[in-house]
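Hi,

Here is the structure I promised to pass on. Please open it beside this email and follow along as you read.

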Amino acid sequence: MNFKFLTSKAITSGFVLYWMVFWLFNGLDKFLNRSTVGGITWFGKDRSWQFGVYLENLGLPLDYVPSILTFAGFWELAIAVVFLSALNIMLIAGKREQEASDRLFVIGLFLSTLTFVAFCAFDTVVGDRAELLEHSTYIAVIAVSFIGMAVENMIARQKELDHARTPIDSNQNASPSIAQPERSEYLTNSAHTPAE
């Protein structure tokens with residue numbers, strides 16, 4: 001495990017973990033709702049009833065509800081896998097594969113944005129303002145997640161540039177060869193100057 005790398009990317013790894021857990025549990029909720037798992041009842045939210053009301057208001061048959069929830073569940077689990085892959089790369093490869101983990105994180109954020117935009121459009125059509133507000137808020141959290149990663153990467157690049165510059169500058173300042181030509185030139189001139 002690359003704890004040093006995870007510490008230097010604490011904001012990004014925190015958001016990767018957050019979105020992975022978010023989509024994992026939302027996806028599982030579509031399948032495990034009101035069921036008992038290992039002695040614990042997964043209560044969740046009754047989306048069957050909620051979507052039943054939506055489809056009834058839209059004049060669509062209620063037979064579509066299970067298919068819609070199954071599709072949404074698999075879609076959300078797929079997004080969770082993208083974030084899980086990014087987290088896995090961060091944990092195992094660390095800095096060596098930072099570009100790959102960042103790319104997967106951005107792909108996950110992009111898919112999350114598409115999903116929430118679709119949810120917002122659906123919320124508007126069915127007139128559910130509470131869900132619309134909730135889904136819009138998540139789009140803002142996605143923006144904060146991306147900005148957090150970008151700022152963290154800029155800070156890391158700046159540190160690398162500072163680290164790369166520091167040895168060169170100190171070597172030049174400490175190098176005797178820079179000052180030596182002036183000194184030897186002075187000594188040479190003074191040696192040829194006739195003594196009075």
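About 320 Å³ of space lies in the second largest pocket of this predicted model. Which residues line the second largest pocket? They are Lys4, Phe5, Ser8, Lys9, Lys95, Gln98, Glu152, Asn153, Ile155, Ala156, Lys159 and Glu160. Two elements give two or more residues each to this lining: helix 1 (3-8) and helix 6. Helix 6 gives the most, with 6 residues. By class, the lining of the second largest pocket has 6 charged, 3 polar and 3 nonpolar residues.

Now go to the largest pocket. Its volume is about 490 Å³. It is lined by 24 residues. Closest to its centre are Phe51, Ala72, Glu76, Phe119 and His135. Click on those five to find the spot. Helix 2 (10-32), helix 3, helix 4, helix 5 (98-126) and helix 6 (129-174) each give two or more residues to this lining. The lining of the largest pocket splits into 14 nonpolar, 6 charged and 4 polar residues.

Next, look at how some helices pack.

Start with helix 3 (residues 47-58) and helix 4 (residues 64-92). Their axes come within 10 Å and cross at roughly 120 degrees. That angle makes helix 3 oblique to helix 4. The crossing of helix 3 and helix 4 is right-handed. Helix 3 makes the contact with Arg47, Ser48, Phe51, Gly52 and Leu55. Helix 4 brings Tyr64, Val65, Ile68 and Leu69. By class, this contact of helix 3 with helix 4 has 6 nonpolar, 2 polar and 1 charged residues.

Then turn to helix 2 and helix 5. At what angle do helix 2 and helix 5 pack? The angle is about 45 degrees, and the axes are 11 Å apart. Helix 2 and helix 5 are therefore oblique to each other. Helix 2 passes helix 5 in a left-handed crossing. On the helix 2 side, the residues are Thr12, Phe15, Val16, Trp19, Phe22 and Trp23. On the helix 5 side, they meet Asp102, Phe105, Leu109, Ser112, Thr115 and Phe116. The residues of this contact of helix 2 with helix 5 divide into 8 nonpolar, 3 polar and 1 charged.

Best wishes

Definitions and conventions: Residues are numbered from 1 along each chain as its sequence is written. This is a predicted model: local features need pLDDT of at least 70, side-chain atom pairs count only at pLDDT 80 or more; totals for chains, interfaces and linings use all residues. Side-chain values use heavy atoms; hydrogens and water are left out. Axes are lines fitted to C-alpha atoms, for helices over the stretch in contact, and angles run from 0 to 180 degrees between N-to-C directions. Helices (H or I, at least four residues) and strands (E, at least two) are DSSP runs, numbered from the N terminus. Angles under 35 degrees count as roughly parallel, over 145 as roughly antiparallel, 65 to 115 as roughly perpendicular and the rest as oblique. A crossing is left-handed if the near helix is turned anticlockwise from the far one by less than a right angle, and right-handed if clockwise. Contact means heavy atoms within 4.5 Å. Ala, Val, Leu, Ile, Met, Phe, Trp, Tyr, Cys and Pro count as nonpolar, Asp, Glu, Lys and Arg as charged, and the others, Gly among them, as polar. On a 1 Å grid over the protein atoms alone, a cavity is a set of points where a 1.4 Å probe fits but cannot get out, and a pocket is an open set with protein on both sides within 12 Å along at least five of seven lines; lining residues have an atom within 4 Å of a point. Grid points are joined across faces, edges and corners, and a volume is the space filled by probe spheres set on the points.
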